[in-house]
Amino acid sequence: RLARERDELRVVADQTGVPNWTRALARVTAALIGRGRDDLVRHAGLYHVSAQGEATWHAFARAILDGRAVRVTPIATADFPTRARRPAHAVLDASRFARVFGLGLPHWTELLRECLRSPAEPPPAMPKAS
């Protein structure tokens with residue numbers, strides 16, 4: 001919306017994280033649950049699930065707006081006042097999850113492309129045969 005309304009977007013460039021898409025997280029979670037209770041109990045523990053790669057908010061905004069006629073200007077966190085404090089580096093290591101379960105997410109740029117091509121709402125689930 002802001003890209004349609006403004007000529008310039010000022011986006012924080014000194015905070016790094018990993019953009020994730022909830023549908024991709026839901027798919028990998030469903031695959032994990034589909035393995036059954038015994039497998040989940042056997043491998044109980046703390047795991048991180050996240051897309052691969054990392055990006056600043058600025059890089060993420062530029063990727064979203066690729067090809068649009070809007071200037072995306074990098075700014076410092078100090079130039080973007082917000083009540084919420086954000087860490088400068090918030091990249092989760094999902095390698096243990098991938099190693100233990102053989103599941104994972106692709107690079108965040110691949111998820112972004114899929115997200116931007118997808119309809120706003122997922123299609124309704126097919127009823128299960130009885």
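I began with His 58, which lies in helix H4 (helices are DSSP runs of H or I of at least four residues, strands runs of E of at least two, numbered from the N terminus). The model is a predicted one, in which local features need pLDDT of at least 70 and side-chain atom pairs count only at pLDDT 80 or more, while totals for chains, interfaces and linings use all residues. Residues are numbered from 1 along each chain as its sequence is written, and side-chain values use heavy atoms, with hydrogens and water left out.

I looked up the confidence next: pLDDT, the predictor's confidence in each residue from 0 to 100, averages 92 over the protein chain, and 95% of the residues score at least 70.

His 58 has a relative accessible area of 11% and is therefore buried (under 20%; exposed is over 50% and partly exposed in between, with a 1.4 Å probe and protein chains only). Leaving aside residues up to four places away in sequence, I found that His 58 touches Val 11, Val 12, Ala 13, Val 72, Thr 73 and Pro 74, contact meaning heavy atoms within 4.5 Å.

I then turned to helix H6 (residues 108–117), where Trp 108, Leu 111 and Leu 112 are the buried residues. Their cover includes helix H2 (22–33), strand S3 (55–56) and helix H4 (57–64).

Last, I checked the open sheet of three strands, ordered S3-S2-S5 with mixed pairing; two strands pair if DSSP finds at least two bridges between them. Strand S2 (residues 16–17) pairs with S5 in the parallel sense over two bridges, and Gly 17 stands opposite Ala 90 in S5.
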